[in-house]
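Please look over the sequence and the structure shown here before reading on.

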Amino acid sequence: MSTQVESPSAGTSRPSWLSGPAGRTIGLVVALVLVAVVGVITGGERFASLDNVMTILRLASVTGVLAIGMTFVITAGGIDLSVGSLTGLASVWASTLATQTMAEDVHWTVMVLTALAVGTAAGVVNGLIIAYGKVVSFIATLAMMIAARGLAEMISGRQTQVVSVDGFLDFFRADVIGVPVLVWIFAVVAVAGWFLFNRTTFGRRTVAVGGNLEASRLAGIKVQRHLLYVYALSGLTAGIAGVMMLGRTTAGTSTNGLYYELEVIAAVVVGGTLLIGGRGTIVGTVIGVLIFAMLTNVFTINNLSISAQNVAKGAIIVVAVLLQQRFARRSAST
């Protein structure tokens with residue numbers, strides 16, 4: 001009679017999908033639902049109203065667009081601390097008197113194109129310094145963060161530049177099927193980011209570069225050029241966010257996007273993108289952004305201080321990083 005030796009872990013092993021992408025996404029959805037439940041319990045109808053749902057989505061839209069670009073950067077093994085400052089710079093440059101005058105003479109999209117050009121150009125500078133100058137991304141983008149904020153202050157003279165172009169204001173104040181234009185822009189950027197990340201060679205190369213830069217180079221990937229493209233993409237999303245800030249606040253100021261880079265990075269990490277690179281998820285990033293936006297809304301409804309909000313968000317970030325390290329060790333052991 002033959003006997004079978006059972007593996008010690010056989011009785012306790014979980015289906016592989018629970019620790020894979022699907023499992024992580026389910027965990028994020030559960031976290032989002034729990035935050036919503038807390039909001040309903042503490043805020044009642046005020047939280048659950050359709051107007052408040054739109055407020056949450058509108059709040060998430062700008063940081064959400066920035067987070068899509070940041071997902072590519074972090075997946076590629078880098079970091080971009082300049083996105084908040086580039087958002088402010090793009091909004092200031094697009095709302096100068098000269099730009100608004102040209103927009104009135106030609107078309108309001110001149111302001112949009114200006115912001116996109118400014119963000120993309122700054123992203124290209126970041127990419128050149130990091131990819132070809134061999135400067136660590138943390139240092140390069142920290143320098144850009146400081147320089148971009150200073151340039152925005154110089155251009156605006158530390159003054160608020162009010163948008164007076166009617167076509168621009170009408171477009172960003174509009175609703176489509178009852179949903180604000182800002183939310184639609186976030187949705188379009190998220191879908192485009194998901195497609196680029198999951199269904200194109202660019203996305204696969206981004207994961208490869210972040211996973212093993214030298215192996216990617218040996219496999220024929222032009223690593224330097226790809227990193228340049230990744231940071232240009234991050235700059236482009238910062239330009240889009242700058243336009244959205246103008247649409248939401250109707251004013252360009254050097255303080256637009258202040259400290260946004262911290263919340264954006266936090267949302268991307270909570271969403272499941274590895275800080276060390278090599279793994280990213282657009283769906284997770286979107287859910288992460290919604291979690292932070294909903295948390296902020298719950299705190300605001302319950303009149304909790306900004307300090308309490310920051311403590312809670314900091315705790316969430318620490319827990320997310322600890323979980324990432326645990327999953328990384330488990331993956332390495334298997």
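Helices here are DSSP runs of H or I with at least four residues, numbered from the N terminus. In that numbering, Val38 belongs to helix α1, which covers residues 21-43.

## Confidence in the model

The structure is a predicted model, and its chain has a mean pLDDT of 89, with 90% of the residues reaching 70 or more. Over residues 1-13, however, the pLDDT is below 50, and this stretch has one contact in the model beyond near neighbours in sequence. Where pLDDT is low, predicted coordinates should not be read in detail.

## Two crossing helices

Helix α3, made of residues 50-75, and helix α13, made of residues 260-270, have axes that come within 9 Å of each other and cross at roughly 65 degrees. The crossing of α3 and α13 is right-handed. On the side of α3, the contact is formed by Val62, Thr63, Leu66, Ala67, Met70, Thr71 and Ile74, while α13 contributes Tyr260, Val264, Ile265 and Val268. Sorted by class, the residues in this contact of α3 with α13 are nine nonpolar and two polar, with no charged residue.

Thr273 is found in the loop that runs between α13 and α14, the latter being residues 282-301. Because its relative accessible area is 0%, and buried means under 20%, Thr273 counts as buried. The side chain of Thr273 also reaches the backbone nitrogen of Thr281, at a distance of 3.4 Å.

## Phe172 and its surroundings

Phe172 is part of helix α8, which spans residues 166-173, and with a relative accessible area of 7% this residue is buried. When residues up to four places away in sequence are not counted, Phe172 touches Trp108, Val181, Leu182, Ile185, Val243 and Gly247. Phe172 and Arg248 are 76 residues apart in sequence, and yet their C-alpha atoms are 7.3 Å apart in space.

Is Val38 buried, exposed or partly exposed? Its relative accessible area is 42%, so Val38 is described as partly exposed. Leaving aside neighbours within four places in sequence, Val38 is in contact with Gly43 and Val298.

Separation along the chain and separation in space can also be set side by side for this residue. Val38 and Leu97 are 59 residues apart in sequence, and from C-alpha to C-alpha they are 46 Å apart in space.

Conventions
Residues numbered from 1 in each chain as written. Predicted model: local features only at pLDDT ≥ 70, side-chain atom pairs only at ≥ 80, totals over all residues. Heavy atoms only, no water. Axes fitted to C-alpha atoms, helices over the stretch in contact; angles between N-to-C directions. Left-handed = near helix turned anticlockwise from the far one by under 90°. Contact = heavy atoms within 4.5 Å. Nonpolar A, V, L, I, M, F, W, Y, C, P; charged D, E, K, R; others polar. pLDDT = per-residue confidence, 0-100. Buried < 20%, exposed > 50% of the residue type's maximum accessible area, 1.4 Å probe, protein only. Polar contact = N/O pair within 3.5 Å; in protein donor to acceptor, adjacent residues only side chain to side chain.
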